[in-house]
Amino acid sequence: ETSNFGEDNLLARRLLLALCVRKGELLGARWVEFDLNEKTTAGAVWHLPASRTKTGEGLDIPLAPAVVEWLRALCGLAAGSEFVFPKRRRDPRERVPHMGIDTLNVALGRVAHGLPHFNLHDLRRTARTHLAALGVRREVAERCLGHKLRGVEGTYDRHDYFRERRAALESWTTLLLSIERGESKVAPLQPRRSAER
């Protein structure tokens, strides 16, 4: 509701929550990394390259339908830039070739939201907490956040959980939209029972 927050800031905040990614990963995103037209059987996906992840491993991030809509809106705002979030003004120090890394924090700091202090990285904790509340299995939720599985489990479990992450992120995005509309009823994900039981 803050008039000077800006549509691109709002969409960035939505995407940070819905995709569970780090701020730098999102702000550095290039349009060539996205398949919004579902050209493969995997559906709409963001191919986040290894060079921009904290783990040093590339990650295919499934995109829920609402996320695709938000990205299409950003495409118009980007006005032909190679970046999803292009620079807004000249930066004499040329720190990054896209939206400044502190831009969203500054914009959020101008919003009178009445909440205790938080930063944008805290949105990852919010996402992880709600994924657990939705019944998403721990290993799937951790992979949604781009975390490696730890210890012996990480050594032996090499599955990418893509389909499971798609279901989890679609449920999470549905919850976000419901919260944004002021609705209170949300059905949590129920674990699937195997056919052998």
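Visitor: How many helices and strands does the protein chain have?
Guide: This is a predicted model, in which local features need pLDDT of at least 70 and side-chain atom pairs count only at pLDDT 80 or more, while totals for chains, interfaces and linings use all residues. Residues are numbered from 1 along each chain as its sequence is written, and side-chain values use heavy atoms, with hydrogens and water left out. The protein chain has 8 helices and 3 strands, counting DSSP runs numbered from the N terminus (H or I of at least four residues for helices, E of at least two for strands).
Visitor: And in what pattern along the sequence?
Guide: The pattern reads α-α-β-β-β-α-α-α-α-α-α.
Visitor: Which residues of α1 are buried?
Guide: Helix α1 covers residues 7-19, and its buried residues (under 20% relative accessible area with a 1.4 Å probe, protein chains only) include Asn9, Arg14 and Leu19. After α1 comes Cys20, whose phi is positive, near 65°.
Visitor: Switching topic, what percentage of the protein chain is buried?
Guide: Buried residues account for 43% of its 197 residues.
Visitor: Which residues touch the most others in the largest nonpolar core?
Guide: They are Trp46, Leu63, Leu71 and Trp172, in a core of 50 residues; such a core is a set of buried Ala, Val, Leu, Ile, Met, Phe, Trp, Tyr and Cys residues joined through side-chain atoms within 4.5 Å.
Visitor: What is Leu63 in contact with?
Guide: Leaving aside neighbours within four places in sequence, Leu63 is in contact (heavy atoms within 4.5 Å) with residues including Leu19, Trp46, Leu71 and Arg166.

Conventions. Expected span 1.5 Å × (residues − 1).
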